Amino acid sequence: GIRIVTAEGNTIYVNKAILNIYGYDSIIELQKTPLKKRYTPESYAEAQKRKQQRGQGDLSSTNYEISIVRKNGEIRHLQVFRKKVLWDGIWQFQIIYEDISERKRNEEEVKKSEFLRNVLLDNLPFVTLVLKKHTREIVACNKLAVKAGAVIGKTCYESIAQCNHICPFCKAPDLWKTGKEQHVEAEYIGRYWEGRWMPFSDDLY
């Protein structure tokens, strides 16, 4: 998204992309919504600091991140690039916004995965996986699981069982339905398995 603002921060132009990012219908709606309402409290405080710096002649903040609150209340994360531009014969500021919400979510997932593996999972003396509900995609695992063939991003049956279909003894659906721990002992593809399925969060087990 692109926005043109004056040195005082007043918006004089926006393109459709920035309106879509905020969920607004027009530039008037954007202009009438206070910055404090459009930003998260943390980003608003940082914006006030940048404004103070610019008032003192410090224009060094040209690349930074902000977190905004859309019209529907959803929080989005944006990368911001700011530079001077000649607009209708007057020097103004062009601000380019890139939505990096998906990237931030992925980074958080990686951090969560590393925390689970390094702090929690590796202390367990048996193969341990953290999986997404319904898809069975591995999002975290311990070192013993890696040795057994686990690969983050793949399903448990693809990587550990090394087959292209769900294991017939899988108790995950029972866990999803009841929310209660499941246990089974079974022989499958020439190996003996003891499995325990336990709830971890709303979307992980």
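I call a residue buried when its relative accessible area is under 20%, exposed when that area is over 50%, and partly exposed in between, using a 1.4 Å probe and protein chains only. I note that this is a predicted model, in which local features need pLDDT of at least 70 and side-chain atom pairs count only at pLDDT 80 or more, while totals for chains, interfaces and linings use all residues. Residues are numbered from 1 along each chain as its sequence is written, and side-chain values use heavy atoms, with hydrogens and water left out.

**Entry 1: the whole chain**

I looked up the secondary structure and found 8 helices and 9 strands in the protein chain; helices (H or I, at least four residues) and strands (E, at least two) are DSSP runs, numbered from the N terminus. The radius of gyration is 25 Å, well over the 17 Å that the globule rule gives for 205 residues, so the protein chain is more spread out than a compact globule. For that entry the radius is taken over C-alpha atoms, and the globule rule is 2.2 Å times the number of residues to the power 0.38. Along the principal axes, the C-alpha atoms fill a box of roughly 80 × 30 × 25 Å.

I then looked up burial, and 37% of the 205 residues count as buried. Taking a contact as heavy atoms within 4.5 Å, I find that residues 24 or more positions apart account for 34% of the contacts with a separation of 6 or more. The protein chain exposes about 12,800 Å², of which carbon and sulfur atoms supply 52%; accessible areas come from the Shrake-Rupley method with a 1.4 Å probe, and for residues only the protein chains shown count as cover.

**Entry 2**

Strand E3 (residues 63-69) runs antiparallel to E4, with 7 bridges joining them, and Tyr64 stands opposite Val80 in E4. These two strands form a hairpin with 5 residues between them, and in its turn Gly73 has a positive phi of about 95 degrees.

Strand E4 (residues 75-87) is in turn joined to E5 by 10 bridges, again in an antiparallel arrangement. I noted two of the facing pairs: Arg82 has Ile95 in E5 as its bridge partner, and Lys83 stands opposite Gln94 in E5. The hairpin of E4 and E5 has 2 residues between the strands, and Asp88 in the turn has a positive phi of about 55 degrees.

On which strand does E1 (residues 2-5) pair, and in what direction? Strand E1 is joined by 4 bridges to strand E5 (residues 90-99), and the two run antiparallel. Gln94 in E5 stands opposite Ile4 as well as opposite Lys83. As background to these pairs, I recall that in a regular strand the side chains alternate between the two faces of the sheet.

**Entry 3: the loop between E6 and E7**

His134 has a positive phi of about 75 degrees although it is not a glycine, and at 55% relative accessibility it counts as exposed. Arg136 is found in the loop between E6 and E7 too, and its phi is near 65 degrees, a positive value in a residue other than glycine. Is Arg136 buried or exposed? Arg136 is buried, with a relative accessible area of 6%.

**Entry 4: two glycines in loops**

Gly23 lies in the loop between helix H1 (16-22) and helix H2 (27-32), and at 24% relative accessibility it counts as partly exposed. Leaving aside residues up to four places away in sequence, Gly23 touches Arg70 and Lys71. The C-alpha atoms of Gly23 and Arg70 are separated by 5.9 Å, although the two residues are 47 residues apart along the chain.

Gly179 lies in the loop between helix H8 (172-178) and strand E8 (182-188), and is partly exposed, with a relative accessible area of 43%. With residues up to four places away in sequence again not counted, Gly179 touches Asp174 and Pro199. I also noted Trp197, 18 residues from Gly179 along the chain, with 9.8 Å between the two C-alpha atoms.

Conventions:
Pairing = 2+ DSSP bridges.
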